[in-house]
Structure formats: structure tokens, C-alpha cells
Amino acid sequence: MREWNKTLLEAVASLVIILGMPANTLAQTPRYDLLLKGGHVIDPANHVDAVMDVAVSKDKIVAVEKDIPPSQAGKVVDAAGLYVTPGLIDIHVHIGHGGAPLDWFTPEGRAHTAPYGIPADIALQAGVTTMVDAGSSGADTFLLEKEEVMDRAKVRVLAFLNIVANGMQGGLEQTVDQMDAKRCAETIHKYPDIIVGVKTAHYWTEEPWDAEHTPWAAVDKAEECGRTANVPVMFDFWPRPDRSYAELILKKMRPGDIHTHVFAQQFPILLPDGKINPIMAEARARGVVFDVGHGAGSFWFRNAVPAVKQGFIPDSMSTDLHTGNFTVLSMTQVMSKFLAMGARYRAAVDGQPGAGDPST
């Protein structure tokens, strides 16, 4: 009897304590910390392209489902009418000083072009959580870029290492002696977690060839580094009569190599009759990757619209943002335009009524 009375008293005491608690103490702990409700989820890796709810718990996405009850989340955000996507990757941007000398603004400076790298964390406002610097620095200047930007940015920053040891903006991009494939590969091997490839750009676009400047010098040196370090090469390329685009994408480039600025004016991606050039399909079958690399002057709608309508969709959409074009379009505007263009391109390609001309 005494044991029974003791149990009864303990139960009564517990009930009194519970009844004296605030109502919210009795509420069930939310299953999720955050719920993004009713957004259009685009998740290519998991083949999701639909209006879905996204639940987050302890900084991790734990559920992507339709109609998750708001009562299960501590905080609910109405995402109706918005796109929800994993962190975007921009594979062509420019950060840091590159090859610009620290005294670029003085009469004594070797080059007088200002550094054109943007602040890396600006990317976060557009949903970009990983950016890849496209050759701003080379073997001589990479450590400065790493310590100045990459080690301090909230966004993850990776890099294509310029085949030119000084990098860009330093006045040495046309110096073939600066294109040291061995040093390039050694630098990549030293930082394999953050250097993901090689970049060649802007080489000898108009001047006559001479003993030093042969047509394929930059391309061949970049490919030599890429093969040695076992990484892809990104090409910013200007065709010439004895250095053709077809030879670049069908013979010089390896599977996994990237041609950026694919919709720029100088590339014959369309035949005179407006049909897509067959070399594009042939190069893609070889494993060549095509990137937008929008920039300020490297995207021509007269190339992009007919190509996309015929089914040629670039493998990646990058911004080529730097201080020279950042004032033209902010990253948010660029990425928003890309998303909108993508939707209209798909509609145009599918022949959906009312899709209109995606170039407008």
C-alpha cells in the first residue's frame, strides 16, 4: 500500500508541474528548423524540376517534398514564384590582382591596367556558392590570389591557373617565355584541392606571326600543362586563318576541355545558311565542354538564339564577371537573366505556344 501511495503522489506532483508550465513548453519541438514553401525547385543532380517544399535541419537539407506541413517547421519562408536551387557554380569569374603589378598606377609600373577582380563574396547575393577564377593568376602570382582572396572568402573559390606565369593584366600575356608548362603543372600539383585546371586567353589575336609568336604556342603550352597535371584546359580563343576554330575543338582540345565564350562573335558556330555548324556536334561527341562566359562583349544573341533553337545548349552558363563589366550587369541580374533565358529557350525549343523570341 505504501508503494502505491508513493507512486500516486509522484504522479500528482508531476501533473501539477506540467499544468503550471507555459503552453509553448508543451508544444512539440519542430521537426525542421526552416521550411522553404512552394518554390520552384531545380535540382539537376536529382532530376527535380517542379514546385516543391524544401526542409532544412541543422544547416542540412533533409527533405524535398510536396506540401510539407508548415506546423513541422520552426520558421517558414514563402518561396512561391521563386526558384530554389542548390548553390550555383560560376566557372568563369575574375578575382584578386591577377598579374597587375602593385604599382600599376605609377609611371614606373610595368603595366598600367588596374586589377579587375571582383570581391568574391558578392557572388552570394545571386545564389552562387562556388566560383572559379578563370586564369587571373599564373604560377608567379597564384599565392597572392590564394592568400588575398581564396583563404578569406565565404564563398568557395577555385581556380584555373593561367599558362602565363604572371597571369592577366600584367602586360606579359603575349610573352611566350612566360608560358612554362612545367612550372604551371608543378603549381597545380602543389594546390590540387583548389586549382582545377589551366587557362589560356587573349593570345596574339591580330599581329603578324614571328619567330616567337607562332599560331598555336599558347594552346600547345596550356595543353602540355593540362596533360602533365591531368586537369582540363579552358580556352578563350580568337580564330585566325592559320589557327582555325575547327582545328581547336576537333584536334587540339582533349575530352573535358572547356571552350568559353561559345556565343561570341568570332566563332563559326553557324553556317552561312543559319544552320548549326556540324563541328559543334562532332566536338561535343569528343567530350569538348562548351561554356557561355557571358562577359560584356562575348555573347551575341544572333549566334545564341538560332543555335539554341536548333538544340545546341551550352554545358554551363558562366558570367565572366570582372570590374570591367560588373557595372554593366550585376551578378544578380546576370544570373536572373540566365534563369529566365533558360526557361524561354526550353519553351522555344519545345515549340510551346506563347514562348516568343528568347532574345527579347
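**Stop 1: colour by confidence**

Start by colouring the chain by pLDDT. The chain averages 86, and 81% of its residues reach 70 or more. Now select residues 4–19, where pLDDT stays under 50 and the model has one contact beyond four places in sequence. Residues 354–360 also have a pLDDT below 50, but this stretch has 17 contacts in the model beyond near neighbours in sequence. Where pLDDT is low, the predicted coordinates should not be read in detail.

**Stop 2: the sheet**

Next, show the strands as a cartoon. Seven of them form an open sheet with parallel pairing, and the order to follow is S6-S7-S8-S9-S10-S11-S12. At the edges you will find strand S6 (88–93) and strand S12 (289–290), each of which pairs on one side only.

**Stop 3**

Select strand S9, residues 195–200. Is S9 enclosed or open to the outside? Five of its six residues are buried, so S9 is largely enclosed by the rest of the structure.

S8 and S9 run parallel and are joined by four bridges.

Then turn to the S10 side of S9. Strand S10 covers residues 233–235 and pairs with S9 in the parallel sense over three bridges. Two residue pairs to display here are Val198 with Val233 in S10, which stand opposite each other, and Thr200, which stands opposite Phe235 in S10.

**Stop 4: the helices on S9**

Keep the strands on screen and bring in helix H4 (residues 181–190). Together, S8, H4 and S9 make a right-handed β-α-β unit.

Follow the chain onward from S9. It passes through H5 to S10, and this β-α-β crossover is also right-handed. Select H5, residues 217–229, to find a helix that lies across S9 and S10 and runs at about 165° to S9.

**Stop 5**

Most residues other than glycine have a negative phi, so the next two picks deserve a look at their backbone.

First, go to the loop between S9 and H5, where His202 lies. His202 has a positive phi of about 65°. With a relative accessibility of 33%, His202 counts as partly exposed.

Second, move to the loop between strand S11 (258–259) and helix H7 (278–286), which holds His261. The phi of His261 is likewise positive, near 65°. Is His261 buried or exposed? His261 is buried, because its relative accessible area of 4% falls below the 20% cut-off.

**Stop 6: helix H8**

Finish with helix H8, residues 301–309. Show the side chains of Asn303, Ala304, Val305, Ala307 and Val308, which are buried. An α-helix has 3.6 residues a turn, so residues three or four places apart point the same way. Just after H8, select Gly311, where phi is positive at about 95°.

Notes: Residues are numbered from 1 along each chain as its sequence is written. This is a predicted model: local features need pLDDT of at least 70, side-chain atom pairs count only at pLDDT 80 or more; totals for chains, interfaces and linings use all residues. Side-chain values use heavy atoms; hydrogens and water are left out. Buried means under 20% relative accessible area, exposed over 50%, partly exposed in between (1.4 Å probe, protein chains only). Two strands pair if DSSP finds at least two bridges between them. Contact means heavy atoms within 4.5 Å. Axes are lines fitted to C-alpha atoms, for helices over the stretch in contact, and angles run from 0 to 180 degrees between N-to-C directions. pLDDT is the predictor's confidence in each residue, from 0 to 100. A crossover is right-handed if, with the strands pointing away from the viewer, the path from the first strand over the helix to the second runs clockwise.
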